[in-house]
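Please look over the sequence and the model below before reading on.

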Amino acid sequence: MRTDVLVIGAGHAGLAMSRRLAERSIDHAVLERGEVANSWRTERWDSLRLLTPSWQSRLPGFRDPVDSPNGFRTMPETVAFIERYARAIAAPVRTHTRVISVRKTEEGYAVQTTQSAWQARAVVIASGACNIPNVPGLAKELPASIASLTPHHYRNPGQLEQGGVLVVGASATGVQLADEIQRSGRSVTLAVGEHIRVPRRYRGQDIQWWMDVAGILDTRYDETDDLERARNVPSLQLVGGPGRMLDLNALTESGVRLAGRVAGLRDGKALFSGSLANQAALSDLKMNRLLDAIDDWAARQGLDGLIRPPRRFAPTRIEASPPLSLDLEKEGIRTVLWATGFRPDHSWLDVPVFDRKGRIRHDGGVTEAPGLYLMGMPFLRRRKSALIDGAGEDARELSAHLAAFLRIYKRPRTLAASHGEMNTATSTSGQMLPPLNA
Ligand SMILES: Cc1cc2nc3c(=O)[nH]c(=O)nc-3n(C[C@H](O)[C@H](O)[C@H](O)COP(=O)(O)OP(=O)(O)OC[C@H]3O[C@@H](n4cnc5c(N)ncnc54)[C@H](O)[C@@H]3O)c2cc1C
């Protein structure tokens, strides 16, 4: 089968790209291994709500009537929302069609799926940033008697054995799971590495509102000093719910024991780094910097005196001598839950665009392979790129680049060559068009 563009993945990012391609009358299909919104259906735990308020799920070409714009969608509500979007934009989605290989050809890309073979002139990879939970190599040292679980397989505390739980990682996933497991009556130890502490609400508004209106989420990738770092910062410590701040202090209050990051597993013992107090202090400092930026912005807008005054939160409380090791069996730990982040799975991509760490090299979503684009990665084109709210603008800019690529690609090879243009249909190296600045 042939089309101009294949979009891989029918999450919100692939659908937003589909909408932008349709606006440009570009022939395309969206290939999805499961159902629309597959990740939200199959890879999330039962109690999860979006961390972003409902107003902050703006998708291109869609006005969804929202009962409660300041509410936080549950997973079934999120799936229904993305399904409504796919229907509203009449996205040409082929469900239950898993892409198993993508290869460069003379004419573009050969895409093999579990259903059929496709030929496309361009491909947009929107297959998600969180396909595989990261589990550190040291996990293989875990005694066989202790269950090892990732957030993709965790659903609720009921599936865990009675007994203690070690949750590794204190970003959004780790703090939420530590909280609900502790509340289920199991005692939780939380291993804390680098984390980003933020209040859920500040000066009468949700933190996401402040970051949105103050332009923090719009920070562009090409205006960022340390992009590598920006693309790897942990998720904010947040839980989707009205006004609840789920930070380390809240967890300590509910009985969770804090330890440093897991530095090793040896002889049935978890060894923790001694950096917990430093990590917590750094996190407090960064939170205050964010609040300073918000306060400065609010003052410049003349909001002081009209809204609640600035405030600062109590520093994170860390016990004087946090544990440096934990004998897992002796201390009754029955489960270790690895909330240590996620990574994409591009194992099916047979095009040489990977860096040494196996990540796709790209400039704001434009890869080095002509006609191959990427969507939905952290800080792809702006800070909000991996959020539902970020897909529309990224897709607008990338679809403009893609449309220009298709226009030039259409020209007879000899004409393009006579104009000294690189990367005609037969070229396999270099970039067809320079990356976008717009
Ligand atoms: C726990 C968690 C909570 C989050 N909470 C929020 C939040 O509150 N607000 C927010 O805005 N964002 C949130 N995000 C971030 C972000 O919205 C998600 O990562 C989102 O799923 C990314 O959208 P996407 O469309 O890029 O990828 P996905 O939603 O993962 O969609 C990718 C699609 O590609 C399909 N696919 C993958 N491989 C193939 C293949 N080989 N062939 C065919 N199809 C394939 C998948 O089945 C999937 O449907 C959260 C992420 C996680 C992990």
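How many salt bridges does a search of the whole structure find? The search finds 37 salt bridges, each being a side-chain nitrogen of Lys or Arg within 4 Å of a carboxyl oxygen of Asp or Glu. This is a predicted model, in which local features need pLDDT of at least 70 and side-chain atom pairs count only at pLDDT 80 or more, while totals for chains, interfaces and linings use all residues. Residues are numbered from 1 along each chain as its sequence is written, and side-chain values use heavy atoms, with hydrogens and water left out.

**A pair within helix 1**

- Arginine 19 and glutamate 23 join their side chains in a salt bridge with an N to O distance of 3.0 Å.
- Both residues belong to helix 1 (residues 12-23), where they are four residues apart, or about one turn of the helix; helices (H or I, at least four residues) and strands (E, at least two) are DSSP runs, numbered from the N terminus.
- Arginine 19 is partly exposed at a relative accessible area of 27%, and glutamate 23 is likewise partly exposed at 43%, where buried means under 20% relative accessible area, exposed over 50% and partly exposed in between (1.4 Å probe, protein chains only).

**Arginine 382 and its partners in helix 9**

- Arginine 382 forms a salt bridge with glutamate 393, their closest N and O atoms lying 3.6 Å apart; because arginine 382 sits in the loop between strand 24 (372-374) and helix 9 (residues 391-410), and glutamate 393 in helix 9, this pair ties together parts that are 11 residues apart in sequence.
- Arginine 382 counts as buried at 4% relative accessibility, as does aspartate 394 at 1%, whereas glutamate 393 is partly exposed at 28%.
- These residues belong to a network of salt bridges that links Asp218, Arg220, Asp222, Arg381, Arg382, Lys384, Glu393, Asp394 and Glu397.

- Three strands form an open sheet in the order 16-17-18 with antiparallel pairing, two strands being paired if DSSP finds at least two bridges between them.
- Strand 16 (262-266) and strand 18 (325-327) are the edge strands, each pairing on one side only.
- Strand 17 (residues 269-272) pairs with strand 18 in the antiparallel sense over three bridges, and alanine 270 stands opposite leucine 326 of strand 18.
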